[in-house]
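Student: I'd like a close look at a single spot in this one. Could you walk me through its surroundings?

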Amino acid sequence: MSAARRTTASGARRRAGGRLPYWDPEDEAYWEREGRFVARRNLLHSVLSEHVGFSVWSMWSVLVLFMSPDIGFAFTPSEKFLLVVVPTLVGALLRLPYSAAVTRFGGRDWTVFASAVLLVPTGLAALFVQRAHTPLWVFLVIGALAGAGGGNFASSMTNIAAFYPRRHQGWALGLNAGGGNLGVAVVQLLGLLVIATAGDTHPSYVAGAYLPLIVLVSLGAALRMDNLPAPRRERGALREAAGHRHTWWISLLYVGTFGSFIGYGFAFGLVLQSEFGASPLQAASYTFLGPLLGSLARPFGGRLADRFGGARVTFVNFAAMAAGTLVLLVASVSESFPLFVAAFTVLFVLSGLGNGSTYKMIPAQHAREAEHAVASGADAAEAFARARRLSGALIGVAGAVGALGGVGINLAFRTAYAGSGSGNLAFVAFLCYYVACLALTWGVYLRRRDDGAAGVEPARMKIAGRV
């Protein structure tokens, strides 16, 4: 598409109030002529919005490292773990309504709102961390408001999935989610920078740095994103998805991948302090590396799944996560700090790969079911429309349930360290869950290929291109 035609299309978009007059990414001629440019532009600003959302959501994993008697906050380790549990929980609960909201209000309009509203928890955090002896409940309320940043993921993924044809969704969703997940690493890197330059008594610098970024991201979304011409999810889609068994199988797998990523991201600094007595500077020096590598790995998990099938990649990934957790347990028992950090970092990378491959299983599963329905005599257009509708709903459900896994991980750490002063019981629980996910992936998505549940798609199925 020429620059002149793209400019004309952009003008038409603005005259229509940001709503595209036509959109069909499965129309190959339209996609090559115009669609891919529109999709890339929306993907870019979606990534920026989701990135800031993840940063605000996970900001308390950094702020708790500063909270010490030196600045008037004598919170116990158990109370600090509670401060990272609350935003994780609220972010998980908001994912379902956020996923539905983007189809009701439009991708552009909702992204603008979801980005701008983050000014509230960020501004309050910057203000109250400067006030010594602020009670715990105040920070819990602010942390709950920061959970809005976690909801951005579901609306962003639902929106971007509708901009790309199914053959490109693994990579596009992986890139969108990976760019958002990087927000966890960036806010932790910012915390390290503040501690290294200004000391560990200025947590307000971390929150204050995001206020202008939120404004810029909100303006970018308002000026450059689009609303699609019609809602992509019909009423009742969530209810229909909730009654579908694969919704819950895939959600359980996503608990093991994304739940691990976000749970470890929120808890890693506190774990290093509780397990090895690390100082704020020591903890911050290591906490950003795992989320950084895990975020970068997510698009490649999606791409591997595009090539080899989501179920195969997910199965191998859970086997590796179980092995990595065993190493982590050995490092904890032997009190080996280098091995502990290395094993945790590997788990971050594996969780990122698994995030991408598990999400790829969503459209693949419903596409296969549609193919079976058509082969049995069902109307092709209706079968693939249903598959697309259920895929969008499942993205929202899996995102919400997966984030609850992060809550479980932080509660497990809180219980383990409060009871024994060691995280070993939590690591054993994580190992058992990964083994259960391994068995689930094999039993439902690999062994039983005749029931339409396999995650590997036919290499060429033209009719499936409409999903």
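Which residues does T358 touch, not counting residues up to four places away in sequence?

Tutor: Keep in mind that this is a predicted model. Leaving out anything up to four places away in sequence, T358 touches I250, L253, Y254, T257 and T314. T358 itself sits in helix α16, which runs over residues 337-375. Is T358 buried or exposed? T358 counts as buried because its relative accessible area is 1%, and the cut-off for buried is under 20%.

Setting aside neighbours within four places in sequence, S46 is in contact with S156, I160, N176 and M225. Take two of those partners in turn. With N176, the S46 side chain makes a side-chain to side-chain polar contact of 2.9 Å. As for S156, the residue is 110 positions from S46 along the chain, yet their C-alpha atoms are separated by 6.1 Å.

Now zoom out to the whole chain. There are 18 helices and zero strands, and buried residues make up 58% of the 467 residues. Among contacts with a separation of 6 or more, 86% are between residues 24 or more positions apart. The accessible surface comes to about 17700 Å², and 65% of that belongs to carbon and sulfur atoms.

Notes: Residues are numbered from 1 along each chain as its sequence is written. This is a predicted model: local features need pLDDT of at least 70, side-chain atom pairs count only at pLDDT 80 or more; totals for chains, interfaces and linings use all residues. Side-chain values use heavy atoms; hydrogens and water are left out. Helices (H or I, at least four residues) and strands (E, at least two) are DSSP runs, numbered from the N terminus. Buried means under 20% relative accessible area, exposed over 50%, partly exposed in between (1.4 Å probe, protein chains only). Contact means heavy atoms within 4.5 Å. Accessible areas come from the Shrake-Rupley method with a 1.4 Å probe; for residues, only the protein chains shown count as cover. A polar contact is a pair of N or O atoms within 3.5 Å; within protein, one must be able to donate a hydrogen and the other to accept it, and residues adjacent in sequence count only if both atoms are side-chain atoms.
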